[in-house]
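Visitor: Could you take one part of this model and go over it closely, starting from a single residue and working outwards? I'd like the geometry spelled out.

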Amino acid sequence: MNRRVDVKKNNEHCYDIVISQGFNGIKDELEALGIKGIKLCIVTDSNVGPLYADTLKGVLENTGNSVYTYTIPAGEENKNLSVVQDVYTYLIEQHFERRDMLIALGGGVVGDLTGFTAATYLRGIDFIQVPTSLLAQVDSSIGGKTGVDFAKYKNMVGAFHMPRLVYINIDTLSSLSPRLFNSGFGEIIKHGLIKNRAYFDYLDVNYEHIKALEPEYISETIYQSCLIKAEVVNNDPTEKGERALLNFGHTLGHAVEKLMNFTLYHGECVALGMICASYISKNRGLITDGDYSLIISMIKKYGFPTKIEGLDIHSILEVSKSDKKMDNGVVKFILLESLGKAIIDRTVTYEEMTQGLKEIL
Ligand SMILES: NC(=O)c1ccc[n+]([C@@H]2O[C@H](COP(=O)([O-])OP(=O)(O)OC[C@H]3O[C@@H](n4cnc5c(N)ncnc54)[C@H](O)[C@@H]3O)[C@@H](O)[C@H]2O)c1
Ligand SMILES: [Zn+2]
């Protein structure tokens, strides 16, 4: 059974997220959007394409559109302007026009790069997200942030460009590597912690079913996470206020990610960052010792490392100072006011961060 999230922008309907099994359901969605008689280009990567592109192409062809496929090499190192240019070239050669559309089939790399290509090709054409990694399904495909890395700077060039539809086929999760699948739960646990205690408890009680990819449970999980991300983005589409709450665990998490040279996955670093931020929240008396233990046991339950070796506190603090979550030289830190409610705080000191970091070192 499909689940559907109505994503709004400034309180008006913007697009739907459809959570389904298999690709067949995308046919009705395209028909409902009146998409026919145009060219569609599936942009995918060298891992995902061989697994799913032909099946998706078959379904899309049944909608009366002409379907093309362009495959980029997999990996973050290919999320750059040179690969965007390769896609532009292909689209020009195939005579793609303004009314034509791109379909991003893959993880966050494909979604970000395809979205950016769509935002800029012919001053902007439509695109659809078909996210295939857990991280992309609960996070990167929602909210309209698109972009690529530039030189050594991550997500330095980009645009806000909303998709026409996000279509999630949960069956694609079964081909993810176990560690990558696992890493997606960093953002999922974060969603419960910052916005919804009942969802956090659901994740706690049902983790065996969820991790075993039982359709009912994994769909419910993705649905709840999409609801939370969509709500936050609706309240703050261009990231001026509330959207900062999504950075819970990211201030110190990103610093760890950089210093470990991206050998740890994003979700693993976010989990470590969430431990530090929760510890600071506990020290300030915002959450109880019991809440803090619950958070640690949840992070462990979902298979995340809770300690890290080979890093020192000073370098982590130095890197977080240069992070873009800084606001006029002050670190915009996200704390938990209670389990299920996050707040933005500009008064967290380096001493408090040091105490938080001691928990993971
Ligand atoms: N736009 C946003 O709001 C936003 C938010 C968070 C992250 N991001 C971006 O997302 C990217 C990370 O996304 P990611 O973790 O999905 O990385 P990714 O796209 O690199 O995917 C990870 C790996 O898994 C493979 N893969 C994806 N789906 C698969 C499947 N179903 N079966 C087998 N293999 C599969 C990919 O080919 C890749 O090798 C980063 O570039 C990050 O900046 C964007
Ligand atoms: Zn993140």
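Guide: Let's start with L33, which counts as partly exposed because it has 16 C-beta neighbours inside 10 Å; a residue needs 20 or more to be buried and 12 or fewer to be exposed. Keep in mind throughout that this is a predicted model. L33 sits in the loop that joins α1 (26-32) to β3 (39-45). If you ignore the neighbours within four places in sequence, L33 is in contact with R164 and L165. Y88, on the other hand, is 55 residues away along the chain, and its C-alpha atom is separated from that of L33 by 25 Å.

V59 belongs to helix α2, and it is partly exposed, since 16 other C-beta atoms lie within 10 Å. Leaving out neighbours within four places in sequence, V59 touches F23, N24, I26 and K27. L361 is 302 residues from V59 in sequence, and the two are 50 Å apart in space, C-alpha to C-alpha.

Now for a buried residue. I142 lies in the loop between α5 and β7 (145-150), and it counts as buried because 27 other C-beta atoms sit within 10 Å. Beyond its neighbours within four places in sequence, I142 has contacts with V7, I17, V166, C226, K229, A230 and V233. Take V233: it is 91 residues from I142 in sequence, yet their C-alpha atoms are 8.3 Å apart.

N10 has a phi of about 50° although it is not a glycine; you'll find it in the loop between β1 (3-9) and β2 (12-20). With 7 C-beta neighbours inside 10 Å, R123 counts as exposed.

α12 has 18 residues and reaches 26 Å from its first C-alpha to its last, close to the 26 Å expected at 1.5 Å a residue. α12 is mostly covered, with 17 of its 18 residues buried. After α12 comes G285, with a positive phi near 80°.

Part of the surroundings of α12 is helix α7: residues 185-195 pack with residues 266-283 at an angle of about 35°, and the axes are 7 Å apart. On the α7 side, the contact is made by F185, G186, E187, K190 and L193, while α12 brings H266, G267, E268, V270, A271 and M274. Sorted by class, that contact has five nonpolar, three polar and three charged residues.

D291, I295, M298 and I299 are its buried residues; they cover an arc of only 95° around the axis, which puts them on the same side of α13. As a reminder, an α-helix has 3.6 residues a turn, so residues three or four places apart point the same way. The buried residues of α13 pack against α7, α8 (197-205) and α12, whereas the face turned away from them carries the exposed residues D289, G290, S293, S297 and K300. G303 follows α13, with a positive phi near 80°.

Last, the ligand. Ligand 1 is surrounded by 27 residues, the closest being N47, G107, G108, S133 and S140. The elements that give two or more residues to this shell are α2 (48-61), α4 (108-120) and α5 (134-140). By class, the shell has nine nonpolar, twelve polar and six charged residues.

Notes
Residues numbered from 1 in each chain as written. Chains lettered and ligands numbered in written order. Predicted model: local features only at pLDDT ≥ 70, side-chain atom pairs only at ≥ 80, totals over all residues. Near = placed C-beta within 6 Å. Helix = DSSP H or I, 4+ residues; strand = E, 2+ residues; numbered from the N terminus. Nonpolar A, V, L, I, M, F, W, Y, C, P; charged D, E, K, R; others polar. Axes fitted to C-alpha atoms, helices over the stretch in contact; angles between N-to-C directions. Contact = placed C-beta atoms within 7 Å. Arc of directions from axis to C-beta. Expected span 1.5 Å × (residues − 1).
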